[in-house]
Amino acid sequence: STASALSRAAKGAYSSMLGYYSAKLRMLGIRDKQEMVRLVNSFSAASGLAEPPTISAKIAESIGLKGVPGINVSKGRATSSALRGGGRGFGGGGRGQRGYNDKRGRG
């Protein structure tokens, strides 16, 4: 259904935002991880989610969010392939493919 597709998309966006923003706190002027989690949780609420989606303990630890207030940690797998490296974002590419910022073979 459309509602479940929107929910899946919102959960995927939430997970992607956690990974992206946790790596760029200083550049974005976010003072700490707790503030970043509050901002991303606000996005999830604005997206219509009743509560922030869960992420796995392994992923929370790998992006430095283990123990940060506001993170919903599950005991299972992550809800989004984006944090497991399964997504194909703008700069990505599969095996043997060059990403957008790849400089190999250029003058």
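The following legends describe close-up views of a predicted model.

**View 1. Overall arrangement of the chain.** The predicted chain comprises 4 helices and 2 strands. Read from the N terminus, these elements follow the order α-α-α-β-α-β. Of its 107 residues, 29% count as buried. Among contacts between residues at least 6 apart in sequence, 48% link residues at least 24 apart.

**View 2. Packing geometry of helices α1 and α3.** Helix α1 spans residues 2-23 and helix α3 spans residues 33-46. The two pack at an angle of about 160°, and their axes are 10 Å apart. Angles over 145 degrees count as roughly antiparallel, and α1 and α3 are therefore roughly antiparallel to each other. The crossing of α1 past α3 is right-handed.

**View 3. Residues at the contact of α1 with α3.** On the α1 side, the contact involves A10, A13, Y14, M17, L18, Y21 and S22. Their counterparts in α3 are M36, V40, N41, F43 and S44. By class, the residues of this contact comprise 9 nonpolar and 3 polar, with no charged residue.

View 4. Y20 has a relative accessible area of 42% and is partly exposed. Y21, which also takes part in the contact of α1 with α3, is partly exposed at 26% relative accessibility.

Note on methods:
Residues numbered from 1 in each chain as written. Predicted model: local features only at pLDDT ≥ 70, side-chain atom pairs only at ≥ 80, totals over all residues. Heavy atoms only, no water. Axes fitted to C-alpha atoms, helices over the stretch in contact; angles between N-to-C directions. Parallel < 35°, antiparallel > 145°, perpendicular 65-115°, else oblique. Left-handed = near helix turned anticlockwise from the far one by under 90°. Contact = heavy atoms within 4.5 Å. Nonpolar A, V, L, I, M, F, W, Y, C, P; charged D, E, K, R; others polar. Buried < 20%, exposed > 50% of the residue type's maximum accessible area, 1.4 Å probe, protein only.
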